[in-house]
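Let's take a walk through this protein together, one part at a time. Have a look at the sequence and the fold before reading on.

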Amino acid sequence: RVFLRAINQYADMLNKKFLDQANFELQLWNNYFHLAVAFLTQESLQLENFSSAKRAKILNKYGDMRRQIGFEIRDMWYNLGQHKIKFIPEMVGPILEMTLIPETELRKATIPIFFDMMQCESHFTRSFQRFENEIITKLDHEVEGGRGDEQYKVLFDKILLEHCRKHKYLAKSGEAFVKLVVRLMERLLDYRTIMHDENKENRMSCTVNVL
């Protein structure tokens with residue numbers, strides 16, 4: 001909780017002194033996002049790994065600090081305004097890590113950041129190729145590392161499709177991108193499940209699907 005308060009003070013200072021065009025400090029903002037995501041993903045805050053009694057005790061005393069800092073990261077991202085493009089694609093990995101935390105409200109609040117990144121890159125370059133390449137690479141790494149689940153896949157699909165379909169220019173390319181990532185996620189989750197299967201043919205079939 002002490003660390004959380006310190007990070008929030010750091011965020012206040014960034015907003016007050018280092019956000020406007022003349023004083024914007026890329027490295028400081030970069031440090032903030034990496035620090036906040038490292039805080040959110042640290043082992044000692046992953047409540048689902050604790051016994052129900054310990055989990056209830058922590059929630060009762062401190063609440064879910066991952067949700068608190070996650071909402072803060074989301075707000076800080078949107079505060080960036082025209083500076084957002086400077087964080088794409090580098091920030092895709094840390095944001096993906098955050099959205100994969102198995103907390104439904106946190107996921108619902110932070111998955112829309114991906115659409116904002118697509119929109120932002122598309123505004124500057126007429127496509128979101130760098131964002132797309134980065135999320136595919138990082139997703140492979142994260143799912144292999146044990147993160148991600150069926151609920152995440154469903155939320156990712158639903159939230160991003162809704163956003164894309166409302167957008168004049170991203171409707172078609174956005175929908176194709178979401179379908180591609182959801183299909184990849186399905187295959188990666190299958191692959192992860194079957195890796196411990198004794199049947200070599202099943203494993204090979206899953207590997208071919210991923211490829």
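To follow what comes next, you need a simple sorting of residues: Ala, Val, Leu, Ile, Met, Phe, Trp, Tyr, Cys and Pro count as nonpolar, Asp, Glu, Lys and Arg as charged, and the others, Gly among them, as polar. Keep in mind, too, that what you're looking at is a predicted model.

Let's begin with the empty spaces. Rolling a probe the size of a water molecule over the atoms shows where empty space is left. The largest pocket here holds about 270 Å³ of space. It has 14 lining residues, and Gln46, Glu48, Ile101, Pro102 and Arg147 are the closest to its centre. Sort that lining by class and you get 6 charged, 5 polar and 3 nonpolar residues.

The second largest pocket has about 190 Å³ of space. Which helix gives the largest share of its lining? That's α7, residues 112–125, with 3 residues. Among the residues around this pocket are Gln119, Ser122, His123, Arg126, Phe128 and Tyr169. By class, its lining splits into 6 polar, 3 nonpolar and 1 charged.

Most residues other than glycine have a negative phi, and most peptide bonds are trans. You'll find Pro89 in the loop between α4 and α5.

Now for how the helices pack. Two packed helices are described by the angle between their axes and the distance between the axes. Back at α7, its partner is α9, residues 150–165: their axes lie 9 Å apart, at an angle of about 45 degrees. The two helices are therefore oblique to each other, and α7 passes α9 in a right-handed crossing.

Another pair is α2 (residues 26–41) and α4 (residues 65–79), whose axes come within 9 Å and cross at roughly 160 degrees. Angles over 145 count as roughly antiparallel, so that is how α2 runs relative to α4. The crossing of α2 past α4 is left-handed.

Notes:
Residues are numbered from 1 along each chain as its sequence is written. This is a predicted model: local features need pLDDT of at least 70, side-chain atom pairs count only at pLDDT 80 or more; totals for chains, interfaces and linings use all residues. Side-chain values use heavy atoms; hydrogens and water are left out. On a 1 Å grid over the protein atoms alone, a cavity is a set of points where a 1.4 Å probe fits but cannot get out, and a pocket is an open set with protein on both sides within 12 Å along at least five of seven lines; lining residues have an atom within 4 Å of a point. Grid points are joined across faces, edges and corners, and a volume is the space filled by probe spheres set on the points. Helices (H or I, at least four residues) and strands (E, at least two) are DSSP runs, numbered from the N terminus. Axes are lines fitted to C-alpha atoms, for helices over the stretch in contact, and angles run from 0 to 180 degrees between N-to-C directions. Angles under 35 degrees count as roughly parallel, over 145 as roughly antiparallel, 65 to 115 as roughly perpendicular and the rest as oblique. A crossing is left-handed if the near helix is turned anticlockwise from the far one by less than a right angle, and right-handed if clockwise.
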